[in-house]
Amino acid sequence: MTVGREIHLASRPVAMPTPDNFRLVEVAVPEPAEGQVKVRNLVMSVDPYMRGRMNDVKSYVPPFALDAVLDGGAVGEVVESRSPDLKAGDLVLHGYGWREWAVDDARRFRRLDPVAPPSAFLGVLGMPGLTAYVGLLDIAAMKPGDTVFVSGAAGAVGSLVGQLARLKGAARVIGSAGSAAKVAHLTGDLGFDAAFNYRDGDVSALLKQAAPEGIDVYFDNVGGDHLTAAIARAKPFARFALCGAISAYNEPVPGPDNMTLMIGKRLTMRGFIVSDHNERMADLIREVGAWYAAGEIKAEETVVEGLENAPEAFTGLLRGANTGKMVVKL
């Protein structure tokens, strides 16, 4: 019988997760039953939303259980199949990350055409890509000529939002990030018209300098002072897509104190969950996949080696240690 390793949630974090909140466990991997497949994972994803699942609170997705394996996006190779739908050697996308092996019904695995590296299906051609695509085009309804502001712009989602906005005809694309190197990456590599390091001063003042005439679209990954600044700089009838609020995931932060401006400016602010929009995945693969294949979209990755280092990769993500998508190679 195969023996594999997996990461369990040992305790619920208070504020920033620590190594003590995780446990590396060896388990026996069962053989597949009729209709099942056995998959060896190649690469797994760590994502900001996972922090919320570590709390025992009701949300749009159930919390992780204590003393049980975590889960999340992963890409693996089928090594044994007892289903006519998948065969050994197939590359598959599934939700059984944080472990080296996965065994379950074949219908829970989606076969991938190997048109891109496996990790791309966890980033630009996966959930982060769909989040950026739907959030910018459907939720915020970006139009050619808009000025677009993206917070957390050097991350997996934000970096794609900015590039999509440029390709869709935005007049000006502005991003915020947490270091001078990331700012240089946004403007030098990804085509942002302007970017600023939010650690350099007051975010409202920095955004005013970058967008003196205001913004039409705000894609929010950060919340807190970034959302306050975006409201202040919004033009009348601006549209906000609320994707995340990473500034508040580990400890409370002050929220906007200028919400009354939304009335006079007639702003639209809408939160969204990407899993409500899976019908748009085919459009993402068709349109963004073509840009990616042609080199018009860059999908940076920060790669951590080894399942045992997945907790470190996750906490690094929460601290902003990544540029682009954070993935763990197994």
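## A strand residue to start from

Arg110 sits in strand β7 (residues 110-111). Helices (H or I, at least four residues) and strands (E, at least two) are DSSP runs, numbered from the N terminus. Arg110 is partly exposed, with 38% relative accessibility.

Which residues does Arg110 contact, leaving aside neighbours within four places in sequence? They are Leu91, Val92 and Leu93. Contact here means heavy atoms within 4.5 Å. Leu93 is 17 residues from Arg110 along the chain, yet their C-alpha atoms are separated by 5.1 Å.

## About the model

This is a predicted model, in which local features need pLDDT of at least 70 and side-chain atom pairs count only at pLDDT 80 or more, while totals for chains, interfaces and linings use all residues. Residues are numbered from 1 along each chain as its sequence is written, and side-chain values use heavy atoms, with hydrogens and water left out.

## The annotated domain

An unreviewed UniProt entry places the feature "domain: Enoyl reductase (ER)" at residues 17-328. UniProt positions follow the numbering used here, feature names are shortened, and annotations may be inferred rather than shown by experiment. The span is 27% helix and 25% strand. Its end C-alpha atoms lie 18 Å apart.

## The nonpolar core

The largest nonpolar core has 47 residues. Such a core is a set of buried Ala, Val, Leu, Ile, Met, Phe, Trp, Tyr and Cys residues joined through side-chain atoms within 4.5 Å. Val75, Leu136, Val148, Leu164 and Val288 touch the most other members. Several elements each supply at least two residues of this core, including β5 (91-94), α2 (127-139), β8 (147-150) and α3 (156-167). Which element gives the most? Helix α2 does, with seven residues.

Val75 shows how such a residue is surrounded. Leaving aside neighbours within four places in sequence, its contacts include Leu42, Val43, Leu91, Val92, Leu93 and Phe121.

## Salt bridges

A salt bridge is a side-chain nitrogen of Lys or Arg within 4 Å of a carboxyl oxygen of Asp or Glu. By this rule the count is 19.

Arg40 and Glu77 form one, with their closest N and O atoms 3.2 Å apart. Arg40 lies in strand β3 (residues 36-45) and Glu77 in strand β4 (residues 74-81), so the bridge ties together parts that are 37 residues apart in sequence. Arg40 is partly exposed at 33% relative accessibility. Glu77 is partly exposed too, with a relative accessible area of 27%.

## Buried pairs

Lys325 and Asp47 also meet in a salt bridge, 3.2 Å from N to O. Lys325 is in strand β15 (residues 325-329), and Asp47 is in the loop between β3 and α1 (49-53), 278 residues apart.

Asp146 pairs with Arg239, the closest N and O atoms being 2.7 Å apart. Asp146 lies in the loop between α2 and β8, and Arg239 in strand β12 (residues 234-242), so this pair ties together parts 93 residues apart in sequence. Asp146 is buried, with a relative accessible area of 5%. Arg239 is buried, with 11%.

Notes
Buried < 20%, exposed > 50% of the residue type's maximum accessible area, 1.4 Å probe, protein only.
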